[in-house]
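Please inspect the sequence and the coordinates before reading on.

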Amino acid sequence: MQALYGQLLIGLINGAFYAMLSLGLAVIFGLLNIINFTHGAQYMMGAFCAWFLLTKAGVGYWWALLITPIAVGAFGALIERTMLSRLYKLDHLYGLLLTFGLALIIQGLFRNEFGSSGLPYQIPPELSGGINLGFMFLPKYRAWVIVASLIVCLSTWYVIERTKLGSYLRAATENPALVQAFGINVPRMVTLTYGLGVGLAALAGVMAAPIYQVNPLMGADLIIVVFAVVVIGGMGSIMGSILTGFGLGVVEGLTKYFYPEASNTVIFVIMVIVLLIKPAGLFGREH
Amino acid sequence: MATATGTAVGAPREDTRRILVATGIMAALLAVAPFVGIYPVFLMKALCFALFACAFNLLLGFGGLLSFGHAMFLGTAGYVSAYAAKGWGLPPEFAILLGTAASALLGMVVGALAIRRQGIYFAMITLAIAQMMYFFFLQTPFTHGEDGIQSVPRGRLFGFIDLSSTMTIYYVVLAIFLAAFLFIYRVIHSPFGQVLKAIRENEPRAISLGYDADRYKLLAFVLSATLAGLAGAVKAIVFQLASLTDVHWSMSGEVVLMVLLGGMGTIFGPVVGAFVIIALENYLAPFGQWVTIITGVIFVVCVLAFRRGIVGELSAWWKSRGG
């Protein structure tokens with residue numbers, strides 16, 4: 001039973017990262033109509049940024065949680081201004097190709113500099129150790145990641161679905177020209193949205209740094225799984241992304257316990273089944 | 001992807017003749033290339049990738065469908081034909097046929113799934129299924145995991161052509177490539193190719209004219225998968241190796257790059273793109289990660305400034321001169 005609870009916990013942790021990453025993808029896709037292939041690289045940049053802050057500048061985990069999303073998000077905004085903004089009139093696939101190329105460049109540069117082996121990142125002292133729950137041992141840091149990512153996901157949902165800024169955003173998703181005519185600066189909103197999505201990926205990267213090692217390729221394979229998560233959930237709904245992310249993490253954890261050989265592929269198999277039954281995704285809308 | 005393509009499908013007879021002449025020149029150049037000091041092994045690698053890229057271009061350039069998982073067809077055919085030649089001791093022609101057939105079958109299943117969604121979702125679905133195939137080949141015993149299937153025998157083609165000689169196998173590869181190239185050209189200029197183009201340009205209109213768009217898209221996908229499989233099968237026999245590199249997602253990205261660089265929707269673009277990229281990789285191999293970085297830079301430059309690709313730009317320039 002111990003092992004089962006352990007795998008469930010790992011599943012929840014992975015699910016937390018799936019949820020945060022697919023949420024960022026969904027936010028970006030909603031307004032920009034671009035699938036951000038650089039998302040995995042930006043998640044990796046978040047982890048590296050935290051590592052830099054700690055080892056080069058002596059800035060700890062808590063400040064990194066604040067600084068990293070802003071720094072990487074600003075980098076994202078710069079990319080949006082200088083490159084992505086030139087592609088909006090073209091076929092959406094060009095956005096995918098451009099961000100794929102950017103991901104190759106970023107990952108290549110980091111691998112040149114740091115090699116392929118991982119760099120360790122200490123768990124902050126406040127969260128080291130764990131709690132014995134009787135039926136299992138719960139490391140404090142892992143509990144924190146689950147709680148914190150839930151807070152992040154739910155506040156993103158709140159901002160987009162319940163605030164005025166969010167309503168502008170949703171309106172611009174439906175009809176950017178009309179929103180612009182009402183005097184709202186849509187291009188700036190697009191830049192900020194891309195920055196926000198990238199910032200979410202970077203935040204996930206900081207939270208992942210103490211759990212997985214900080215590695216130039218940590219986002220490369222992850223992003224493909226997150227794509228499958230996005231196809232399963234459908235990008236129509238923010239809450240759908242969150243639920244699908246956590247749910248699939250748990251399913252993957254359970255698979256690791258009951259049938260480990262399939263744990264790498266179970267999410268892709270679920271994707272195929274969902275495509276057969278409900279092609280628009282569990283929470284998606286057919287256009 | 002319609003906006004960037006410059007070539008008219010179903011061009012008048014004048015163009016047809018020009019393309020056939022150009023194909024003849026290409027064939028002649030490739031036939032003499034080993035005699036002017038170009039390493040035949042390099043040429044064979046480039047030809048396999050050129051065939052792979054042409055197959056991919058059939059789907060992207062003429063069907064408007066961006067598959068981000070085409071490596072699975074290259075790799076599956078490679079594994080199947082390598083195993084058939086080594087494990088079962090089949091002659092090379094049967095090994096290649098078997099590998100190609102395996103990819104065709106896979107293409108039918110994946111295509112039927114992927115065409116249920118469009119645009120960006122299509123790309124993500126093919127990528128995800130290809131990743132699933134990657135893990136399958138990583139875990140299943142017959143592929144020997146990280147080692148791959150090594151020292152695959154080349155054997156004798158049709159029982160009397162000994163493929164162990166580099167020059168002999170080079171001309172066999174060239175013949176296969178040219179046959180497939182002409183086949184693709186024929187498909188593009190057939191009524192089927194016309195309908196495919198109509199669907200790319202405006203799917204609802206094509207449907208309203210009575211065409212079953214899904215059937216056409218599936219057939220294009222299967223054709224593309226089959227030819228990509230042919231490339232993979234030949235590659236496995238020539239290099240006597242089937243490995244995980246050929247099913248990895250970076251291979252799927254590479255073929256996109258070749259087609260993008262050479263010119264999407266042009267006949268010769270993928271060939272040019274494949275030769276440029278393979279040459280680049282050859283020269284940059286000692287510099288490690290710089291290959292990835294330069295690949296990425298080419299992607300970015302092509303998308304931002306150079307969407308017609310080499311052949312597309314050249315033919316636009318030619319046309320602007322009134323050629």
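What percentage of the contacts in chain B with a separation of 6 or more do residues 24 or more positions apart account for? The share is 78%, where two residues are in contact if their C-beta atoms, placed from the backbone, lie within 7 Å. The model is predicted, so local features need pLDDT of at least 70 and side-chain atom pairs count only at pLDDT 80 or more, while totals for chains, interfaces and linings use all residues. Residues are numbered from 1 along each chain as its sequence is written, and chains are lettered from A and ligands numbered from 1 in the order in which they are written.

**The two chains**

Chain B holds 13 helices and two strands; helices (H or I, at least four residues) and strands (E, at least two) are DSSP runs, numbered from the N terminus. Its radius of gyration is 19 Å, close to the 20 Å that the globule rule gives for 323 residues, so chain B is as compact as a globular protein of that length. The radius is taken over C-alpha atoms, and the globule rule is 2.2 Å times the number of residues to the power 0.38.

Chain A has 11 helices and two strands, in the sequence order α-α-α-α-β-β-α-α-α-α-α-α-α. For chain A the radius of gyration is 19 Å, close to the 19 Å of the globule rule for 287 residues, so this chain is as compact as a globular protein of that length. In chain A, 77% of the contacts between residues at least 6 apart in sequence join residues at least 24 apart.

A residue is buried if 20 or more other C-beta atoms lie within 10 Å of its own, exposed if 12 or fewer, and partly exposed in between, with C-beta atoms placed from the backbone.

| Chain | Residues | C-alpha extent along principal axes | Buried share |
|---|---|---|---|
| Chain A | 287 residues | roughly 60 × 50 × 35 Å | 49% |
| Chain B | 323 residues | about 50 × 45 × 40 Å | 50% |

**The interface**

Contacts between the chains involve 34 residues of chain B and 34 residues of chain A. On the chain B side, the elements that give two or more residues are α5 (119-139), α10 (249-262) and α12 (290-305). Of these, α5(B) gives the most, with 14 residues. By residue class, the chain B side divides into 23 nonpolar, nine polar and two charged residues. Here Ala, Val, Leu, Ile, Met, Phe, Trp, Tyr, Cys and Pro count as nonpolar, Asp, Glu, Lys and Arg as charged, and the others, Gly among them, as polar.

**Helices of chain B**

The 16 residues of α12(B) should span 22 Å at 1.5 Å a residue, and the end C-alpha atoms are 22 Å apart, which agrees. The expected span is 1.5 Å times one less than the number of residues. Buried residues of α12(B) include B:Ile293, B:Phe299 and B:Val303. The buried residues of this helix pack against α4 (93-114) of chain A, together with α10 and α13 (309-320) of chain B.

Two packed helices are described by the angle between their axes and the distance between the axes. The axes of α4 (residues 92-114) of chain B and α5(B) come within 10 Å and cross at roughly 140°. Axes are lines fitted to C-alpha atoms, for helices over the stretch in contact, and angles run from 0 to 180 degrees between N-to-C directions. The crossing is right-handed; a crossing is left-handed if the near helix is turned anticlockwise from the far one by less than a right angle, and right-handed if clockwise. In this contact, B:Val110, B:Leu113 and B:Ala114 of α4(B) meet B:Phe122, B:Ile125, B:Thr126 and B:Ile129 of α5(B). These residues divide into six nonpolar, one polar and no charged.

**Selected residues of chain A**

A:Ala64 lies in helix α3 (residues 61-82) of chain A and counts as buried, with 28 C-beta neighbours inside 10 Å. Beyond its neighbours within four places in sequence, A:Ala64 is in contact with A:Ala50, A:Leu53, A:Leu54, A:Val59 and A:Val206.

A:Met235 lies in the loop between α9 (222-233) and α10 (238-258) of chain A and counts as buried, with 24 C-beta neighbours inside 10 Å. Outside the four places on either side in sequence, its contacts include A:Ala26, A:Phe29 and A:Gly284.

A:Ile123 lies in the loop between α4 and β1 (130-132) of chain A. With 17 C-beta neighbours inside 10 Å, A:Ile123 counts as partly exposed. The C-alpha atoms of A:Ile123 and A:Tyr61 are separated by 8.1 Å, although the two are 62 residues apart along the chain.
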